[in-house]
Amino acid sequence: MSLAAPFYTSPEVFDLDIAEIFSKQWIFVATEPEIAEPGDFVTVTLGRYSVIIARDDDEQVQAYHNVCRHRGARILAEESGSVGNIVCSYHQWTYGMDGKLLYAEGQSPTFDKSCFSLRSVNVRSIAGLIFICLADEPPADIDDVAAIVAPYLEPHDLRKAKVAKQVDLVEHGNWKLTMENNRECYHCSVGHPELLNTFFPTWGYSDSEAIPTRLRPIFDRFNAAMVEHKAVWDHYGLPHERVAELDTRPTGFHIEREPMDLAGESFTLDGTVASTKLLTDMPVTRLGRLSMHAQPNLWLHITSDHAITFSVLPIGPDTCRVRTTWLVHEDAEEGVDYDLDRMTNVWEITNQQDANFVGLAQEGISSPAYVPGPYAPSEFQVEAFINWYIGRLRFHRGIPDDHLSVVQEAG
Ligand code: FES
Ligand SMILES: [Fe+2]
């Protein structure tokens, strides 16, 4: 069943989500191409936290709290940029990209700069996907997850990609509604006519008994495409088996390759590549899609010619931000190798359609008449998301009872 209303509407549960989920789990915040050069940075807001993600002079990815060690001012106000050093605008304390305090004017001779480095945040790049964790002791299974997913991701060389486009969409719904909506395609047949040119609407149906009659011919086409795609993946040594651990480990995830319809190459209306300079060394365009979901806030798709990452960050009880980032080969030139509109328009339309669904769900759940309803079998990933979420709340709060006790505790 879906969760009780306060999980989607109450400020107390919102604070709980920031404290117990977004402050204690690994959170997907950016891709390496967004900070391609030393000095490049992005800032990320998680509740009252602000974190700087930067590339240091040794080209390593670093993360620091965006709080000056002098009197606490917010240091970098911009969402992204490039700097030589990290300089606080208040009294010009100056930090290196390695977080060390380099300069603080007018201090006494005994002042020890080495005691006032920026406070670091746990950060980890998995094949170019940057995750941070604000906890002192982050979930340790990130190493296992990285070992499993990296062989799927690395053939696409995301670290060497470049950002073709990035779009932020503010959705008028609780962040969990956005994630739940992503985790099912029950709504796809009617909701996403453009996406369904290439995305099989049978996604989520594993038991052929439960497939609606109208989807049966599409399911047959999916199975035929799967046979063809598997032969290609095996030929090029690309891992493709489904690994589904969405609610069975602290850092829940799911990864697999799947075929795509029509030309099977890309998320364009006819399924052919949008970039002729591919995002892989393999000389083949029809690779279907590599898709990964990670709890609590990531999904992505990678085709032969580009990658699309999605991150969801909470803004308030009934608002969140969905950031979509399109990545192409670093040498691909817009207008020469790829047509940006053709590459991005299907997912821009799809995102807006999803945002509308999320808004409708938030409105309905906000009514006193709302009562939780049942998930369909094809919504198993929604259930896995909720299981994971409740399991993590229980773990972090030491709550032994079912989710209703969380509602009571949170008021
Ligand atoms: S608060 Fe940053 S230099 Fe003073
Ligand atoms: Fe959708």
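# Worked exercises: salt bridges, domains and an iron site

Glu32 and Arg159 pair up in a salt bridge whose closest N and O atoms are 2.9 Å apart. Keep in mind throughout that this is a predicted model.

## Exercise 1: The two domains

Task: Work out which residues make up each domain, and how much area domain 1 and domain 2 bury between them.

Solution: 
- Step 1. Start with the bounds: the assignment gives domain 1 as 1-23 + 144-411 and domain 2 as 26-138.
- Step 2. A salt bridge needs a side-chain nitrogen of Lys or Arg within 4 Å of a carboxyl oxygen of Asp or Glu, and the closest N and O atoms of Glu32 and Arg159 are 2.9 Å apart. Across the interface of domain 1 and domain 2, two salt bridges are found.
- Step 3. Look at the spacing: the C-alpha centres of the two domains lie 29 Å apart. The contact draws on 29 residues from domain 1 and 22 residues from domain 2.
- Step 4. Now the area. Domain 1 and domain 2 bury about 2,000 Å² between them, with 65% of it on carbon and sulfur atoms.

## Exercise 2: The iron site

Task: Find which residues coordinate the iron ion (ligand 2), and explain why the arrangement of its four donor atoms is irregular.

Solution: 
- Step 1. List the donors: His187 and His192 each give NE2, and Asp354 gives two OD atoms, at 2.0 to 2.7 Å.
- Step 2. Check the angles. A tetrahedral site needs all angles between 85 and 135 degrees. Here the four donor atoms subtend angles of 52 to 149°, which makes the arrangement irregular.
- Step 3. Read the spacing along the chain, which is H-x4-H-x161-D. His187 sits in the loop between helix H4 (175-182) and helix H5 (188-191), while Asp354 belongs to helix H7 (residues 340-365), 167 residues apart.

## Exercise 3: Backbone details

Task: Decide whether Gln92 is buried or partly exposed, do likewise for Ala127, and locate the cis peptide bond.

Solution: 
- Step 1. Gln92 has a positive phi of about 65° although it is not a glycine. Gln92 lies in the loop between strand S6 (86-87) and strand S7 (94-95), and its 40% relative accessibility makes it partly exposed.
- Step 2. Ala127 also is not a glycine, yet has a positive phi of about 55°. The loop between strand S9 (122-126) and strand S10 (129-133) holds Ala127, which at 6% relative accessibility counts as buried.
- Step 3. The peptide bond from Gln295 to Pro296 is cis, with omega near 5°. Pro296 is placed in the loop between strand S14 (289-294) and strand S15 (298-302).

Definitions and conventions
Residues are numbered from 1 along each chain as its sequence is written. Chains are lettered from A and ligands numbered from 1 in the order in which they are written. This is a predicted model: local features need pLDDT of at least 70, side-chain atom pairs count only at pLDDT 80 or more; totals for chains, interfaces and linings use all residues. Side-chain values use heavy atoms; hydrogens and water are left out. Donors are N, O and S atoms within 2.8 Å of the metal (3.2 Å for Na, K and Ca); water is not among the atoms, so sites may look incomplete. Four donors count as tetrahedral if all angles lie between 85 and 135 degrees; four count as square planar and six as octahedral if opposite donors are over 155 degrees apart and all others between 65 and 115; anything else is irregular. Helices (H or I, at least four residues) and strands (E, at least two) are DSSP runs, numbered from the N terminus. Domain bounds come from an automatic or database domain assignment. Contact means heavy atoms within 4.5 Å. Buried area is the accessible area (1.4 Å probe) that two parts lose on being put together, summed over both. Buried means under 20% relative accessible area, exposed over 50%, partly exposed in between (1.4 Å probe, protein chains only).
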